[in-house]
Amino acid sequence: MTDDTSGTLDEALERLHASGPEHDGWLSNHAPMAVEALVRHGQGRTVHRWLDRYRDKLQEMPDSYARITEENWREALGDPRRLADWPAYFDRALADRPWRDVLAVWWPRLLPGIAGGATHPVIRVGHAVRTLLDDPGTTTAPRTAELAHALGYWAARHAPLPPLRQQPGPASGSAADALAAVEPVADQSGGIRARLARLTAFPTWPPTPRPGRTAAQQPTSRTTAPDAADPAEEARRRLTELVRATTHRYATHGHGSPVMLVHAATAPNAVLRVLRVLPRELWAPSLDAAWAASAAVTAVYAPREPFPADRLPSAAGVTPEEVFARAAAHGDEHAIKLTDTALDVAQGPDPLALAAALHACAMIDPAL
């Protein structure tokens with residue numbers, strides 16, 4: 001992976017921070033996420049040209065509604081009228097305290113609303129944190145400002161899922177089988193907010209270790225790990241498994257909604273990117289929220305039948321760098337972000353993850 005030494009990312013973020021987080025009603029501004037991925041994967045030279053093409057989707061930041069303070073933030077949470085006020089709040093917070101401290105305070109407050117904004121806010125936070133971790137000793141103002149914008153967007157669009165019944169999880173305990181057990185909602189019409197309101201139940205995942213037993217005494221499955229006695233490490237391992245499973249499932253089921261099902265993989269991957277800077281006691285609830293986000297998107301967009309395996313794009317002989325170059329040339333922000341996640345998964349040999357990225361580029365209309 002290529003870290004930015006040219007200043008391209010900081011220039012792009014400064015250019016974008018005059019824009020609001022949404023356009024055309026409530027569609028998300030993907031530009032900060034896409035340009036971060038482009039720079040990271042060695043496509044920095046394409047960033048400003050990509051932004052020129054994307055500029056019709058950039059709209060000015062909305063007007064301020066009312067100042068958010070430590071006394072009134074609870075009533076402002078989830079209020080889209082505060083789309084400008086929340087980034088301003090986090091700008092002030094990040095000026096006063098280290099960004100990791102601010103994140104540790106606000107992550108558990110925001111986590112229940114992970115599905116808000118179609119999961120785009122948490123994804124944007126994941127990209128922002130990744131830039132701040134590149135070189136912690138020389139954190140730049142545009143990157144700190146990007147975290148403020150990302151957290152602010154999440155706070156403004158914070159929206160918990162409806163109460164859900166817990167159904168039995170798969171006997172295998174695997175993330176792939178849990179995703180396969182998610183029942184699609186009967187009515188897959190309308191926008192994501194209308195669809196999410198129709199959710200009623202999810203399979204229980206991950207399996208919960210029984211109290212009072214050591215890891216060796218827990219019921220075994222093919223996904224049981226020797227670190228199961230450490231809840232934080234088990235959460236990290238399970239979250240990694242979930243990102244891999246959702247990326248693989250995009251290859252076989254992404255045709256149900258090629259754009260929206262990207263987020264079933266990119267949302268948990270955003271959580272995984274943030275995990276290492278969070279207090280360990282937040283790792284397990286982060287896994288639970290990531291599963292809820294993936295399962296929700298799966299339930300409201302997934303098709304009932306997989307894509308024929310013999311029609312999937314082949315990743316044989318194609319390097320990860322070549323796959324990302326194809327996504328950059330394709331230009332669509334969703335294809336870029338899915339490919340970015342697929343390359344995280346494919347850091348070990350993983351042809352199906354690369355095939356998922358190639359499939360996204362084949363199914364999603366290219367940017368013109």
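Guide: Before we start, helices (H or I, at least four residues) and strands (E, at least two) are DSSP runs, numbered from the N terminus. This is a predicted model, where local features need pLDDT of at least 70, side-chain atom pairs count only at pLDDT 80 or more, and totals for chains, interfaces and linings use all residues. Residues are numbered from 1 along each chain as its sequence is written, and side-chain values use heavy atoms, with hydrogens and water left out.

Visitor: Ala118 has a positive phi without being a glycine; in which loop does Ala118 lie?

Guide: Most residues other than glycine have a negative phi. Ala118 has phi near 55°. Its place is the loop between helix 6 (99-110) and helix 7 (120-134).

Visitor: Is Ala118 buried or exposed?

Guide: Buried means under 20% relative accessible area, exposed over 50%, and partly exposed in between (1.4 Å probe, protein chains only). Ala118 has 5% relative accessibility, so Ala118 counts as buried.

Visitor: And Asp24, buried or exposed?

Guide: Asp24 sits in the loop between strand 1 (22-23) and strand 2 (27-28). Asp24 also has a positive phi, about 50°, though it is not a glycine. Its relative accessibility is 54%, so Asp24 counts as exposed.

Visitor: What does Thr298 touch?

Guide: Thr298 lies in helix 13 (residues 283-301) and is buried, at 4% relative accessible area. Contact means heavy atoms within 4.5 Å. Not counting residues up to four places away in sequence, Thr298 touches Leu179, Val182, Arg249, Leu261 and Ala264.
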